[in-house]
Amino acid sequence: MKVGILGNGQLGQMLEASIPDLKDIDVSLYDLRAHSEEALAEFIASVDILSYETENIPAHIVTLLEPHADKLYPGLNALKVFQNRLLEKNALRNAGIATAEFRAVNSLEDVHTAVRELGLPIVMKTTTEGYDGKGQYVLRSPEDAEPAWNTIGNRELIAEAFVPFERETSVIASRDRAGNIVVFPMTENVHHEGILRYSLYPAPALSEEKAEQAERYIRQLADSLDYVGTITLELFETADGLVGNEVAPRVHNSGHWSIEGTEASQFRNHMLAITGKNLGATEPKFASVAMLNVIGEETPAEKAEDIDNAFRHSYGKEARPARKLGHVTVVGDDDAHRDATINELTDLMPAGIWPPKH
């Protein structure tokens with residue numbers, strides 16, 4: 001069976017690397033940044049199954065995928081929904097998942113309307129593209145409306161009411177063609193300057209009630225879309241429960257810990273799901289695990305190579321500020337064991353974000 005992945009970045013590479021033992025599956029990665037329509041057509045024709053490493057696929061390529069929808073996983077509907085934050089918010093609500101109040105914004109007048117109706121602060125985002133904090137603007141006063149529109153406007157935007165959250169979390173699941181779902185344990189995610197810096201399993205002091213709510217939410221979401229593959233739901237934890245933030249129709253940075261940390265990783269289960277094979281177990285192999293992103297400079301990550309319970313992953317990218325160059329996974333017999341190792345690797349993180357504040 002030939003599987004084609006649209007995208008050859010680190011996610012595509014980790015998808016390919018997740019199934020070395022499955023000799024009946026041949027994986028090819030396609031570089032979306034350097035292609036022609038003819039080359040893409042040849043690639044699509046050469047594979048039995050198509051998938052993608054990111055939802056940020058240009059519209060003209062999505063159009064080319066439409067005749068081949070029967071071999072695309074996750075499907076075209078999921079791809080189109082989660083390419084657009086307005087469609088995404090509506091999909092969350094249709095699946096019974098709480099979200100922030102939101103409004104569509106297509107003009108400066110719409111920005112002023114959103115400020116009046118949603119109150120302040122509000123977060124304004126581009127509806128398409130945008131990641132790691134890009135394409136966003138926080139309005140804290142009515143005077144911010146015009147600068148916000150001038151900075152990221154002149155295109156379709158979404159304005160979201162600010163959610164007073166206690167922390168950010170995520171839950172990841174994989175769903176196969178028959179509708180079977182396995183759910184990975186939740187993580188706490190800590191961001192800095194709009195970029196995920198680290199994820200922790202177990203999420204500290206997570207109540208059983210909220211863990212069950214997260215699992216219920218992601219099952220409802222995946223089932224509502226007849227989703228096939230790995231899917232990620234980012235959640236705000238609030239005093240009143242969990243609030244859906246964003247969805248990634250793919251493997252996700254906050255799940256990289258699963259490569260070493262669970263029986264079957266998010267990458268492996270995605271590949272198993274889309275090829276019609278049985279999903280692997282998501283039980284943790286260690287009591288405590290952390291994933292630390294390597295941002296902008298790889299040198300601090302080299303220390304991990306001399307630590308027995310740390311695993312370094314380099315993406316082979318050219319260093320530049322704010323770029324994800326790799327990650328380090330730290331495993332432990334308990335939180336104290338894990339955290340002692342993280343303390344040795346704090347050069348990977350900006351000052352003040354470790355340890356997490358609760």
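This is a predicted model: local features need pLDDT of at least 70, side-chain atom pairs count only at pLDDT 80 or more; totals for chains, interfaces and linings use all residues.
A crossing of two helices counts as left-handed if the near helix is turned anticlockwise from the far one by less than a right angle, and as right-handed if clockwise. By that rule, the crossing of α6 and α7 is right-handed. Residues are numbered from 1 along each chain as its sequence is written, and side-chain values use heavy atoms, with hydrogens and water left out. Helices (H or I, at least four residues) and strands (E, at least two) are DSSP runs, numbered from the N terminus.

Back to that helix pair. α6 and α7 pack at an angle of about 130 degrees, their axes 9 Å apart; axes here are lines fitted to C-alpha atoms, for helices over the stretch in contact, and angles run from 0 to 180 degrees between N-to-C directions. That makes α6 oblique to α7, since angles under 35 degrees count as roughly parallel, over 145 as roughly antiparallel, 65 to 115 as roughly perpendicular and the rest as oblique. As for who touches whom (contact means heavy atoms within 4.5 Å), Leu108, Val111 and His112 of α6 meet Ala145, Glu146 and Trp149 of α7.

What do these helices sit on? Four strands make an open sheet in the order β4-β7-β5-β6, with antiparallel pairing; two strands pair if DSSP finds at least two bridges between them. At its edges are β4 (102-105) and β6 (136-139), each of which pairs on one side only. Neighbouring strands in this sheet are turned by 20 degrees against each other on average, direction ignored. β4 and β7 (residues 157-161) run antiparallel and are joined by four bridges, and Ala104 has Ile158 in β7 as its bridge partner. Helix α6 (residues 108-118) packs on the sheet, touching β4, β5 (122-126), β6 and β7, and its direction makes about 170 degrees with that of β4. Helix α7 (residues 145-152) also packs on it, touching β4, β5, β6 and β7, at about 180 degrees to the direction of β6.

Five bridges link β1 and β2 in the parallel sense, with Leu6 opposite Tyr30 in β2.

Helix α2 (residues 37-46) has Leu40, Phe43 and Ile44 buried, meaning under 20% relative accessible area, with exposed over 50% and partly exposed in between (1.4 Å probe, protein chains only). Seen down the axis of α2, its buried residues fall within an arc of 95 degrees, so they line one face of the helix; the arc is that of the directions from the helix axis to the C-beta atoms. Glu38, Glu42 and Ala45, on the other side of α2, are exposed. The buried residues of α2 pack against β1 (2-6), β2 (26-30), β3 (49-52) and α3 (59-65).

Last stop: strand β12 (residues 229-238), where 10 of its 10 residues are buried. Nine bridges tie it antiparallel to β8 (residues 167-175), and Ile172 stands opposite Thr232 in β12. β12 also forms a hairpin with β13, with two residues between them.
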